[in-house]
Amino acid sequence: MRLAIIIGSVRQGRFGPTAAAWLHARACRRDDLDVDVIDLAEAWLPTVLPAGFPARGVTGPPAVEHLRPWLADADAFVIVTPEYNHSFPASLKNAIDWYHEEWRGKPVAFVAYGEASGGLRAVEQLRPVFDALDAVCVGEPVTLPFHRIPPDSSAERLLDALEKHHRDRQL
């Protein structure tokens, strides 16, 4: 299974790369996964979608088209998101909105971080967004209250849920 770990925050000093590195290291121990990390801070996606985008046959700006095959080739996603003001960052919503078919039918799981809630409110805001795109939210989110890295078993449960959904989808 090809897994894309997406770092949703673009702020300086963000914790997302640390959380993604933790998950990436655990995922790379498995022989059933091929893992890519997509850092939205390096994607440079435009922040304004043209009216009517996406229209059939219309391509997006170069940064959008550069990222498209990475998302299209993924079999599953883990979204690494902070919680900002009881929700997720605008950079993540922007990245989600540039694409549609790339999310359809694919499993999405979450690693969230923040203060006491561990980012759980951000995940609850993201679920209906991915549901609207016909993605399938799977497993319990891994939350990192106060930016504390959880036991490795949390990552294993998350990755197992994604792999199970992917396997079931192939049958």
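Exposed denotes a relative accessible area over 50%, and buried one under 20%. The legends below refer to a predicted model.

**Figure 1. The two faces of helix α3 in the predicted model.** The face of α3 turned away from its buried side bears Pro62 and His66, both exposed. Within this helix, which spans residues 62-73, the buried residues are Val64, Leu67, Arg68 and Leu71. Because these residues cover an arc of only 130° around the axis, they lie on the same side of α3. Their packing partners are β1 (2-7), β2 (34-39), α2 (40-43) and β3 (76-82).

**Figure 2. Strand β1 and its pairing with β2 and β3.** Five of the six residues of β1 are buried, so this strand is largely enclosed by the rest of the structure. Pairing between β1 and β2 is parallel and runs over six bridges; Leu3 has Val35 of β2 as its bridge partner. From β1 the chain passes through helix α1 (residues 16-28) to β2, in a β-α-β crossover that is right-handed. Strand β1 also pairs with β3, again in the parallel sense, over five bridges. In this pairing, Ile79 of β3 stands opposite Ile6.

**Figure 3. The aromatic pair of Phe15 and Tyr113.** Four aromatic pairs are present in the structure. In the pair shown here, the ring centres of Phe15 and Tyr113 are 5.2 Å apart and the ring planes meet at 70°; planes over 60 degrees apart count as edge-to-face, so the pair belongs to that class. Phe15 is located in the loop between β1 and α1, and Tyr113 in strand β4 (residues 107-114), so the pair ties together parts of the chain that are 98 residues apart in sequence. Phe15 is buried, at 16% relative accessible area. Tyr113 is likewise buried, with a relative accessibility of 3%.

**Figure 4. An aromatic cluster and a charge over a ring.** One aromatic cluster is formed by Phe77, Trp103, Phe110 and Phe130. In a separate view, Arg11 places its charged end over the ring of Tyr84, at 3.6 Å from the ring centre.

**Figure 5. The buried residues of helix α4.** Helix α4 comprises residues 90-97, and its buried residues are Ser91, Leu92, Asn94, Ala95 and Ile96. The elements that cover these residues include α2, β3 and α5.

Figure 6. Most residues other than glycine have a negative phi. With a relative accessible area of 39%, Asp134 is partly exposed. At a relative accessible area of 30%, His147 is partly exposed.

Notes
Residues are numbered from 1 along each chain as its sequence is written. This is a predicted model: local features need pLDDT of at least 70, side-chain atom pairs count only at pLDDT 80 or more; totals for chains, interfaces and linings use all residues. Side-chain values use heavy atoms; hydrogens and water are left out. Buried means under 20% relative accessible area, exposed over 50%, partly exposed in between (1.4 Å probe, protein chains only). Helices (H or I, at least four residues) and strands (E, at least two) are DSSP runs, numbered from the N terminus. The arc is that of the directions from the helix axis to the C-beta atoms. Contact means heavy atoms within 4.5 Å. Two strands pair if DSSP finds at least two bridges between them. A crossover is right-handed if, with the strands pointing away from the viewer, the path from the first strand over the helix to the second runs clockwise. Rings of Phe, Tyr and Trp (its six-membered ring) pair if their centres lie within 6.5 Å; planes under 30 degrees apart count as stacked, over 60 as edge-to-face and the rest as tilted. A charge sits over a ring if NZ of Lys or CZ of Arg is within 6 Å of the ring centre and within 35 degrees of the ring normal.
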